[in-house]
Amino acid sequence: MQRHWTGGWPANRAPAIQGPRIDGFNEPRSVCLKEAQTYRAEVQATDHEADPFVFAWDIRPEVVIPAGSYAGGLEKPVKPIPGLIRDPAAAKIGFTAPSQVGAYRLFVTVKDGKGHLAYGNVPFRVDP
């Protein structure tokens, strides 16, 4: 955004990501997982200055969007479900799908150690 607003790049740019993606699913809008089964996911990250990355993954139930909500204004935050992700600080993770049927999201945050980050998520459904 700084480049668009000022015409110049910042001294240190934020990381850029592709994904995340869950292995075996090429279309992120149609990911259906089996309850309590294991899967793998990954994110591809790049940084203009080659800063080292710190990854943080979590899985949360899908947010309920109340009628009349605008830009998330009336949404109630949901907490991550603990214990589903093995090594949540890695670029590639193994995880267990939640054991309850429903809609969820897999989130990843990629930090560059310079105060910048990239953020992504992929929605999925858990079916029996």
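A pocket here is an open set of points on a 1 Å grid over the protein atoms alone, where a 1.4 Å probe fits, with protein on both sides within 12 Å along at least five of seven lines; lining residues have an atom within 4 Å of a point. This is a predicted model: local features need pLDDT of at least 70, side-chain atom pairs count only at pLDDT 80 or more, and totals for chains, interfaces and linings use all residues. Numbering starts from 1 along each chain as its sequence is written, and side-chain values use heavy atoms, without hydrogens and water.

Pocket first. M1, Q2, R3, H4, W9, P10, R13, A14 and H116 line the largest pocket. Its volume is about 170 Å³, taken as the space filled by probe spheres set on the points, with points joined across faces, edges and corners.

Now charges. A salt bridge puts a side-chain nitrogen of Lys or Arg within 4 Å of a carboxyl oxygen of Asp or Glu. How many salt bridges does the whole structure hold? Four. One of them joins R60 and D58, closest N and O atoms 2.7 Å apart. D58 is buried at 17% relative accessible area; R60 is partly exposed at 22%. The cut-offs: buried is under 20%, exposed over 50%, partly exposed in between, with a 1.4 Å probe and protein chains only.

Next, E62 and R105: a salt bridge at 2.9 Å between the closest N and O atoms.

Last, E42. E42 is buried yet has no salt bridge. K92, the nearest side chain of opposite charge, is 4.1 Å away.

Conventions:
Lys and Arg count as positive and Asp and Glu as negative; His and the chain ends are not counted.
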